[in-house]
Amino acid sequence: MAGHKQDHDFYIPNSSIWPPVTCLGAGLFMFGMVSLLKFSSFAGKSLIVLGLLVLVFGMVQWFRVLIAESRARGFVNPPRVLDLANRYGMVFFIVSELMFFAGFFAAYFYIYGFNLEWPPSNIETLAAHLPAINTLILLTSGVTITWSHHALIKGNRAEARKFMFATWLLGVVFLLFQAYEYAHAAFSIDSGAYGSTFYMLTGFHGFHVFVGTVMLMVAHARLNRGDFTKENHFYFEAAAWYWHFVDVVWVGLFLFVYIIPS
Amino acid sequence: MSHTAVANNAHTSPKKKGFLYYLTTVNHKDIGAMYLVTALAFFFIGGLMAMFIRAELMAEGYQLVGQTITLMDLGFWQWKVSFGPDFFNQMTAMHATFMIFFAIIPALLGLGNYVVPIMIGSPDMAFPRLNNWSFWILPFAGMLMLGSFLVPGGANAAGWTVYPPLTNAQYSPGAGIDMWILAVHLAGASSILGAINFIVTILNMRAPGMTLFKMPMFSWSMLITAWLQLVATPVLAGAVTMLLTDRNFGTSFFNMAGGGDPVLFQHIFWFYSHPAVYIMILPAFGIISQVIETFSRKPLFGYATMVWAMAGIAILGCLVWAHHMFTVGMDPRAQIVFMFMTMFIAVPTGIKIFNWLATMWQGTLDFTVPMKYAIAFVGMFTIGGLSGVMLAIPPIDYAMHDTYFVVAHIHYVLFAGSFLGIMAGIYYWFPKITGRMYNEKWGNIHFWLTFIFSNLTFFPMHFLGLMGMPRRIPNYHPMYTDLNLIASIGSFALGAVQIILVINFFYSKKHGKPAGDNPWGAKTLEWSVSSPPPEHNFEKMPVVK
Ligand SMILES: [Cu+2]
């Protein structure tokens, strides 16, 4: 930075095109949504696909830069302030996600209390077997990711990789089971308030499982490539926190949507 | 001082700054300035909508609604605009929308972005690229919002509160509401990620010795505001998502027939939108604290109580949302709880008002333009706060709900509060941002005209409301004519005099007197560096004792 030595550990990046590229992607996606909902379905779908491609491309590039920077910095003794910034950032991001779900849960509880019978008698509710198995899957994945983390801390990278693989595989299985459940449900999102709340909650949760799974896959790939050290593996931890968050939301969902009403 | 200034100037080598530079910049000062310019543009867009509303309400009967007006007549070619019956409704909804999401919040975030990192001794924000994202998503949100005027059915005509069932597919079939929702999603994402950035910056990037309780009050206000944005905005995103699926995918969250309830929307919406008022006022509190402190030549009176008062307002502010909904038929016990919680906010707010007065007490007051704005803020915001206490009382609210009294209240809070606060901040930091002084004489003229005309515009609305005039209705009983005429004249003048601000700033930016590092003799860190500050703010990390 302009030639003289900087006397702080903060990292000030150079200008970057990737944030505005992702903005463009998000903007195109939104215009596509409008078109899909109200005007031309074809134009809408095209814009949505284009927007998503631009968005994902921009994000991938952006994250590649981040990873390259952390590699260039090395994984030994990173500046403490940078590590802290990342940690704070991830924690507050999860707080915002938690509040997003809190809104939907609030709506769910309101509607639950508001309706005289819940589930409504015209709804053929889903059996609890599959969600119970899914609960076990997510809880197990919570164990495997912790196992992987401990293996990494102990320096046993092979084991860390194995358990990381198991974790995201469990995520994929969860998603497949959920897709199976959706395909066989006797009610849909437009079957009154029950269908609305059910699909909104499980749908957004499923999307978060998908995002978490992708994060874990990236963590796995980075483990394979030799990133991270015993002491410094922020990305690994961030993915694990996110995964635990997704896990906790699911437990809430399982209890309040599947178990308690029936 | 001159020595450092020279060194700093040598450091910031002049370079050509084109569109690509601003598109990709990650510098908090560039981004802050872009926020401010964008907010200014949207202030005028939102202001024009207010002008339409006031023109319609200037006299009884219909002035503009249902009329076709010829803007230009060249004989062979005419430029005509016609206003459909719901255009007035679109104006009331979109005036609020633009002012809240695209003018006031970005203006405050812009000031925060520019000033806070320097104030706390940091070279930039914690996540500079994310900061760029938070800004550049706004033009897309703005395009969606503005674009909604062009689609069949026009923009959102159901109020900025977008209550169902009025916003159901049945009653608002056009794309306007959908575009409104998606634009709010984008603006909300910007707000949430911006909030994370502010919180992490302030928690993590303070200079050595700058403990939390040594931070200037503006930094505190941005920290607390960011916290509110972080917890409240995702809930708004959820609320409008449910509205979107109700409209387009057959869900029944707010649909009685399917087992939902429109009142649920109001609960979730106001869980965001009451705190949103604090998102728009707490940074103004911070600005006012800096300005009064500087121009009273005294440290802020009761610094710690100021911080706790602000935190108290933020916490209580999350627990009072239902005072907007007394008329929906809520349980009276709940109404009493929400009434007391709301009135209780007057306690920390009162602490702040008295602390500002105590700071000025026996101070060596320097009546610069920002100080005049700050003093006007204290007086006028108090009026808005007191009318808020009145509206918090359910029996009074039953009578006042949806009348012009509410409009008067909210404008004393958001115009006399947020806008005057923003003005105080802009005049205060203008020399720092541009390196030049604004024209004092025209600044004073702008202040006095704004002060007079804003009261002329908004004060009569209290009486109109007490007389029972409903808001959001383009026509009214003849007994409301005189006061409406006064309010309309006031508002046209108020809008027109803002041109002075623009001319003053764009002229002074180039031709004003050089400001020097610290024209105000202020104590905070941003005044210890050159004006404008060097690219990364500090040559040497400042150490605070
Ligand atoms: Cu409120």
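A: In this predicted model, chain A is divided into two domains: domain 1 covers residues 15–73, and domain 2 covers residues 77–259. The C-alpha centres of domain 1 and domain 2 of chain A are 24 Å apart. Where the domains meet, four residues of domain 1 of chain A are in contact with five residues of domain 2 of chain A.

The extent of this meeting can also be expressed as an area. The size of an interface is often given as the accessible area lost when the parts come together. Between domain 1 and domain 2 of chain A, about 420 Å² is buried, and carbon and sulfur atoms give 49% of that area. On the side of domain 1 of chain A, the residues that lose the most area to domain 2 of chain A are I67(A), R71(A) and R73(A), which together make up 90% of what that side buries.

One of these residues, R71(A), also takes part in a salt bridge. Its partner is D227(A), and the closest N and O atoms of the pair are 2.7 Å apart. Across the interface of domain 1 and domain 2 of chain A, one salt bridge is found. Two residue pairs are in polar contact across that interface of domain 1 and domain 2 of chain A. Sorted by class, the side of domain 1 of chain A that touches domain 2 of chain A consists of one nonpolar, one polar and two charged residues.

Chain A also meets chain B. This contact involves 58 residues from chain A and 67 residues from chain B. The two chains bury about 5300 Å² between them, with 78% of it on carbon and sulfur atoms. Two salt bridges are found across the interface of chain B and chain A. In one salt bridge, the side chains of R129(B) and E69(A) meet at 2.9 Å, N to O. Between chain B and chain A there are also 10 residue pairs in polar contact.

Finally, a copper ion has its protein donors in chain B: H274(B) through ND1, H323(B) through NE2 and H324(B) through NE2, at 1.7 to 2.0 Å from the ion. Along the sequence, the donor residues follow the spacing H-x48-H-H. Two of these donors may be described by their accessibility. H323(B) counts as buried because its relative accessibility is 11%, under the limit of 20%. H324(B), at 22% relative accessibility, counts as partly exposed.

Terms used. Residues are numbered from 1 along each chain as its sequence is written. Chains are lettered from A and ligands numbered from 1 in the order in which they are written. This is a predicted model: local features need pLDDT of at least 70, side-chain atom pairs count only at pLDDT 80 or more; totals for chains, interfaces and linings use all residues. Side-chain values use heavy atoms; hydrogens and water are left out. Donors are N, O and S atoms within 2.8 Å of the metal (3.2 Å for Na, K and Ca); water is not among the atoms, so sites may look incomplete. Buried means under 20% relative accessible area, exposed over 50%, partly exposed in between (1.4 Å probe, protein chains only). Domain bounds come from an automatic or database domain assignment. Contact means heavy atoms within 4.5 Å. Buried area is the accessible area (1.4 Å probe) that two parts lose on being put together, summed over both. A salt bridge is a side-chain nitrogen of Lys or Arg within 4 Å of a carboxyl oxygen of Asp or Glu. A polar contact is a pair of N or O atoms within 3.5 Å; within protein, one must be able to donate a hydrogen and the other to accept it, and residues adjacent in sequence count only if both atoms are side-chain atoms. Ala, Val, Leu, Ile, Met, Phe, Trp, Tyr, Cys and Pro count as nonpolar, Asp, Glu, Lys and Arg as charged, and the others, Gly among them, as polar.
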